[in-house]
Amino acid sequence: MLTPIIILSILIFPLLVAFVISKFTRRKLDAHKFACWGLGVAFIYFFIGHLVQTDGMVDMLPVWLPMRLELVYLTGVLELAIGIALFIPKYQQIAAKLAIVVFVAFFPANIYAALNSVGMGGHQWGPVYLLIRAPLQLVLIAWAYFMCLKSHNKSMQSTANASAD
């Protein structure tokens, strides 16, 4: 049960720190930037999970799937790339879109793991795992969309409007 709390903490921490600093310095908070950073750190955490919990990740995949170990490493590298891209303003929008695609694409592995009582880190929660994982993934998708994509579009519109004035 600790992992979802860690993920949410990682996600929120950069934005929370930036918010506190902005209040003390009386500077405008760039929520988009720090929301993307939080998602980026979360994706790097996911990448580390692929390295540290490799066997557990392999177990989350159906046995009929070929090259499961290689797939775990490949998806880990993809998560690392997304995580790094979320720190680079030029790539944040595409990285946020890819993050959403990854959450949706990886969801069947979570369903398989829940229905087959595959637990990460020795936790054999069965379908309860899905009850925790599904809402967490929805939160992460919403964060990527509303905090990284939609806020990026708003800031771009504000910049364009300011330039026109």
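Reader: To start with R26, where is this residue found?
Author: This is a predicted model, where local features need pLDDT of at least 70, side-chain atom pairs count only at pLDDT 80 or more, and totals for chains, interfaces and linings use all residues. Residues are numbered from 1 along each chain as its sequence is written, and side-chain values use heavy atoms, with hydrogens and water left out. Helices are DSSP runs (H or I, at least four residues; strands are E, at least two), numbered from the N terminus. In those terms, R26 is found in the loop between α1 and α2.

Reader: Is R26 buried or exposed?
Author: Buried means under 20% relative accessible area, exposed over 50%, and partly exposed in between (1.4 Å probe, protein chains only). R26 has a relative accessible area of 75%, so R26 is exposed.

Reader: And what is phi of R26 near?
Author: Most residues other than glycine have a negative phi. R26 isn't a glycine, yet its phi is positive, near 60°.

Reader: M67 has a positive phi too, so where does M67 lie?
Author: Phi of M67 is near 50°, and M67 counts as exposed because its relative accessibility is 60%. Its place is the loop between α3 (54-59) and α4.

Reader: Which helix gives the largest share of the nonpolar patch?
Author: Patch residues have over 30% relative accessible area and no salt bridge, with nonpolar side chains (Val, Leu, Ile, Met, Phe, Trp, Tyr) joined within 5 Å and like charges within 9 Å; a salt bridge is a side-chain nitrogen of Lys or Arg within 4 Å of a carboxyl oxygen of Asp or Glu. Here L8, I12, L16, F19, V20, F24 and V139 make up the patch, with about 630 Å² of accessible area together (Shrake-Rupley method, 1.4 Å probe; for residues, only the protein chains shown count as cover). I12, one of these residues, counts as partly exposed because its relative accessibility is 39%. Six of the residues come from residues 2-25, that is, helix α1.

Reader: How many aromatic pairs does the structure hold?
Author: Rings of Phe, Tyr and Trp (its six-membered ring) pair if their centres lie within 6.5 Å; planes under 30 degrees apart count as stacked, over 60 as edge-to-face and the rest as tilted. On that basis, the number of aromatic pairs is seven.

Reader: What angle lies between the planes of F43 and F46?
Author: Both are in helix α2, three residues apart, about one turn of the helix. F43 counts as buried because its relative accessibility is 0%, and F46 counts as buried because its value is 13%. The pair is edge-to-face, 5.3 Å centre to centre, and the angle is 70°.

Reader: Which residues is T75 in contact with, leaving aside neighbours within four places in sequence?
Author: T75 sits in helix α4 and counts as buried because its relative accessibility is 14%. Contact means heavy atoms within 4.5 Å. With those neighbours set aside, its contacts are H50 and F106.

Reader: Where is confidence lowest in the chain?
Author: pLDDT is the predictor's confidence in each residue, from 0 to 100, and the chain averages 87. Confidence is highest in α4, at 97. Over residues 159-165, pLDDT stays under 50, and the model has zero contacts there beyond four places in sequence. The lowest mean, 74, belongs to helix α6 (residues 127-164).
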